[in-house]
Amino acid sequence: MLVNTRELFKQGQMKGFAIPATNFIDLDSARSYVEVAEERGLPLILAFAQSHKDIISLEEAAIIGKYFAEKATVPIALHLDHGADKEYIFKAIELGFKSVMIDASEESFEDNVKVSKEVVDHAHNFDVTVEAELGHVGANDTSESATVTDSIYTEVKDVIQFVEETGVDSLAVSIGTAHGVYKGEPKLSFDRLEEINNMTSVPLVLHGGSSTGDANLNRCATSGIVKINIYSDFINGAAKAINEKPTEDYVQMKKTANKRMKEVLNHYYDVFNTKTIDTLEV
């Protein structure tokens, strides 16, 4: 079933679990993620990043995402990841995305508040939930993020003001992760996460989950984070599987890649302690 994230995150907060946000870039990846969600009876955030618009268009992503979400028996939130401009985000809402992210995290605090509020005011007219980012989760490759940037930690003192002035439904916080693959395991600031989680009731989300380490991600999922983004581990895992079992058959190659992506998601469902959603109004 196609849903927004409101009830999913509410239950994540109550029960202490996170939901994987899986970035899809084609029909195969989207189908693989949703099949795992169905097999396990678990919720899923099916995400498409604006930076991937040169792989498939927003219109194609909407068709693919809505198709799989609407026929699924488990709650699936079709989410626009890292929306960089209002026009693109508004188009995603028009096309049927039920959750969107406005990423103005590299702007000044004042400009981040301004554009995030404008997106919230528009999206809530269509019962679409909005995620924004405070601080900045950097990127060490060009995965979900369009540029290579350094991380800037979320300032605890800014959280309450940002949430109150924007009305966002969830907040991406920067505590030491980065988009892409790490050289070594990152050191996360769980003290910063605890401070933020204790001062606000808004659901908190984490970007840059790939290669962050199972222990780190499990601790995040049971310490206030309700959504964790994964992308690089899927595509790198698929590439590794193809290299391990080379074939000249294109169809078999896709099956090999899809199988590995499903294994990665199954693994992260366990790491994130993801639980079923008890009741859901749609």
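Leaving aside neighbours within four places in sequence, isoleucine 175 contacts Tyr153, Lys187, Leu188, Ser189, Arg192, Leu193, Leu206 and Cys220. The model is predicted. Isoleucine 175 sits in the loop between strand 6 and helix 7 (190-199). Its relative accessibility is 0%, so isoleucine 175 counts as buried. Histidine 207 is 32 residues away from isoleucine 175 in sequence. In space, the two C-alpha atoms are 9.6 Å apart.

The protein chain holds 10 helices and eight strands. Of its 282 residues, 57% are buried. Contacts between residues at least 6 apart in sequence were also examined; 74% of them join residues at least 24 apart.

Strand 7 (residues 204-206) pairs with strand 8 (residues 225-230) over three bridges, in the parallel sense. Within this pair, valine 205 stands opposite lysine 227 of strand 8.

Helix 5 (residues 109-123) has 15 residues. From its first C-alpha to its last, helix 5 reaches 21 Å, close to the 21 Å expected at 1.5 Å a residue. Eight positions can be named as buried in helix 5: Phe109, Asn112, Val113, Val115, Ser116, Val119, Val120 and Ala123. These buried residues pack against two helices, helix 4 (86-95) and helix 6 (156-166). They also pack against strand 4 (99-102) and strand 5 (129-134).

Histidine 79 lies in strand 3. This residue counts as buried because its relative accessibility is 1%, and the cut-off for buried is under 20%. The side chain of histidine 79 makes a polar contact of 2.7 Å with the side chain of serine 99. Residues up to four places away in sequence set aside, histidine 79 touches Ile45, Leu46, Ala47 and Phe48, among others. Phe97, Ser99, Val100 and Met101 are also among its contacts. Glu131 and Lys227 complete the list. Lys227 is the residue that valine 205 faces across the strand 7 and strand 8 pair.

The largest nonpolar core has 73 residues. Phe24 and Phe97 have the most contacts inside this core. Helix 10 (residues 250-271) supplies its largest share, seven residues. A second, separate core has 13 residues, including Val3, Ile45, Ala77 and Met101. Two of these, Ile45 and Met101, are also touched by histidine 79.

How values were computed
Residues numbered from 1 in each chain as written. Predicted model: local features only at pLDDT ≥ 70, side-chain atom pairs only at ≥ 80, totals over all residues. Heavy atoms only, no water. Helix = DSSP H or I, 4+ residues; strand = E, 2+ residues; numbered from the N terminus. Expected span 1.5 Å × (residues − 1). Buried < 20%, exposed > 50% of the residue type's maximum accessible area, 1.4 Å probe, protein only. Contact = heavy atoms within 4.5 Å. Pairing = 2+ DSSP bridges. Polar contact = N/O pair within 3.5 Å; in protein donor to acceptor, adjacent residues only side chain to side chain. Core = buried A, V, L, I, M, F, W, Y, C linked by side-chain atoms within 4.5 Å.
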